[in-house]
Amino acid sequence: MNRIIESAKFVVDNSQHVKINLKKVDEFCDYFSHSHIKHWINESPFNLRKLNPKDRLHFLLVFNSISFSYWGDPKWKITYHSKEVDGAYGMICAIARAIENKIPILDAKFISEIKEDELSKILEGNVQIPLFEERLNILREIGTVLLKKFDDDFTNLIKKANGDSQKLLSLIVENFPSFEDSSTYNGKRVYFYKRAQLLISDIVQAFDGHEFGRLKNINELTACADYKLPFVLRRLGIFYYSDYLADKIDNQEPIEKDSEEEIELRANTIWVVGLIKQKVKKKIAHADSIHVNDHLWMLGQKKLKNDKPYHLTRTTAY
């Protein structure tokens, strides 16, 4: 059992605010089919596969470095090719727009020295994006590390992993401090690594499992615990909450980063997606947590009439 799953289990076993309905888990597994194994790249407004391999990798690194915390009132959104886009797809379009406008957003030296006005231009939308300063500092960190340690080339880090997704995960977290993502719950360290795991999953998908996407131990990647997955799991009846947590979420009261409730939301997400994976594998042998994760996330892109709000935590983790 890897340490993400192991630490998630500790939280699940002690959860006070988040519970899992196993009957609803079984119902979801019965419904899950081959057609649900898709990735956001296939739905993306920008075709990453038209980029050369190095640029594709740098695009994914830049995107996953600064893809977090989009909620607000009003919510940040941009206009891309005459269409309004928000959230993660909005960030993809902002990076794509920069590339199309000849802004060297994928160049390590450029982002290591990126100025506030340059990033403001790249992320220009209806309002300033939340945590703008944090995104600015993270981009500078990413660029600086690439220059100093990897000769301006993310492929050099990937090659050090020798085709192992778990080694790659360790290398990303060790070399880029902004990808560190863990909390403490009842005195025990709990690991999430949401953006780092998503980066690896995206690499696999963007290369269709070939070249840099040919990575072993993909089955050890877990769900990428954010605010969209718990929202969908609650919609499906798989999650149910204490009155205290339900009231906070439904009244859109912020939930503190590293609070018991926030850690329980994330850890239970990881654990239940792992449960779903195990059950789904009995009928779809190649199904992994990343496939369940992506399907749940894409379900969250569809707004339903009776949806409850998603939880609001201001954080760079997701």
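**Figure 1. Surroundings of Ser 165 in the predicted model.** The backbone oxygen of Asn 217 lies 2.9 Å from a polar atom of the Ser 165 side chain, a polar contact being a pair of N or O atoms within 3.5 Å, of which, within protein, one must be able to donate a hydrogen and the other to accept it, while residues adjacent in sequence count only if both atoms are side-chain atoms. The side chain of Ser 165 also makes a polar contact, at 3.4 Å, with the side chain of Gln 166. Ser 165 belongs to helix α10 (residues 165-175), where helices (H or I, at least four residues) and strands (E, at least two) are DSSP runs numbered from the N terminus. With a relative accessible area of 0%, Ser 165 is buried; buried means under 20% relative accessible area, exposed over 50%, and partly exposed in between, with a 1.4 Å probe and protein chains only. When residues up to four places away in sequence are not counted, Ser 165 touches Ile 200, Leu 215, Lys 216, Asn 217 and Ile 218, contact meaning heavy atoms within 4.5 Å. Because this is a predicted model, local features need pLDDT of at least 70 and side-chain atom pairs count only at pLDDT 80 or more, whereas totals for chains, interfaces and linings use all residues. Residues are numbered from 1 along each chain as its sequence is written, and side-chain values use heavy atoms, with hydrogens and water left out.

**Figure 2. Helix α4 and the helices that pack against it.** Helix α4 (residues 53-66) has 14 residues and reaches 20 Å from its first C-alpha to its last, close to the 20 Å expected at 1.5 Å a residue, the expected span being 1.5 Å times one less than the number of residues. Of the 14 residues of α4, 11 are buried, so the helix is largely enclosed by the rest of the structure; among them are Arg 56, His 58, Phe 59, Phe 63 and Asn 64. The buried residues of α4 pack against α3 (40-43), α5 (87-100), α6 (108-112), α8 (132-150), α9 (154-160) and α11 (194-206). At the start of α4, a side-chain oxygen of Asn 52 comes to within 3.1 Å of the backbone nitrogen of Lys 54.

**Figure 3. The hairpin of strands β4 and β5.** Strand β4 (residues 182-185) and strand β5 (residues 188-191) run antiparallel and are joined by 4 bridges, two strands being paired if DSSP finds at least two bridges between them. Ser 182 stands opposite Tyr 191 in β5. The hairpin has 2 residues between its strands, and Asn 186 in the turn has a positive phi of about 50°.

**Figure 4. A salt bridge between Asp 208 and Arg 49.** The side chains of Asp 208 and Arg 49 meet at 3.1 Å, N to O, a salt bridge being a side-chain nitrogen of Lys or Arg within 4 Å of a carboxyl oxygen of Asp or Glu. This pair links distant parts of the chain, 159 residues apart, with Asp 208 in the loop between α11 and α12 (228-235) and Arg 49 in the loop between α3 and α4. Asp 208 counts as partly exposed at 49% relative accessibility, and Arg 49 counts as partly exposed at 29%.

**Figure 5. A salt bridge between Lys 281 and Asp 288.** The side chains of Lys 281 and Asp 288 meet at 3.4 Å, N to O. Lys 281 is partly exposed, with a relative accessible area of 30%, whereas Asp 288 is buried, with a value of 8%.
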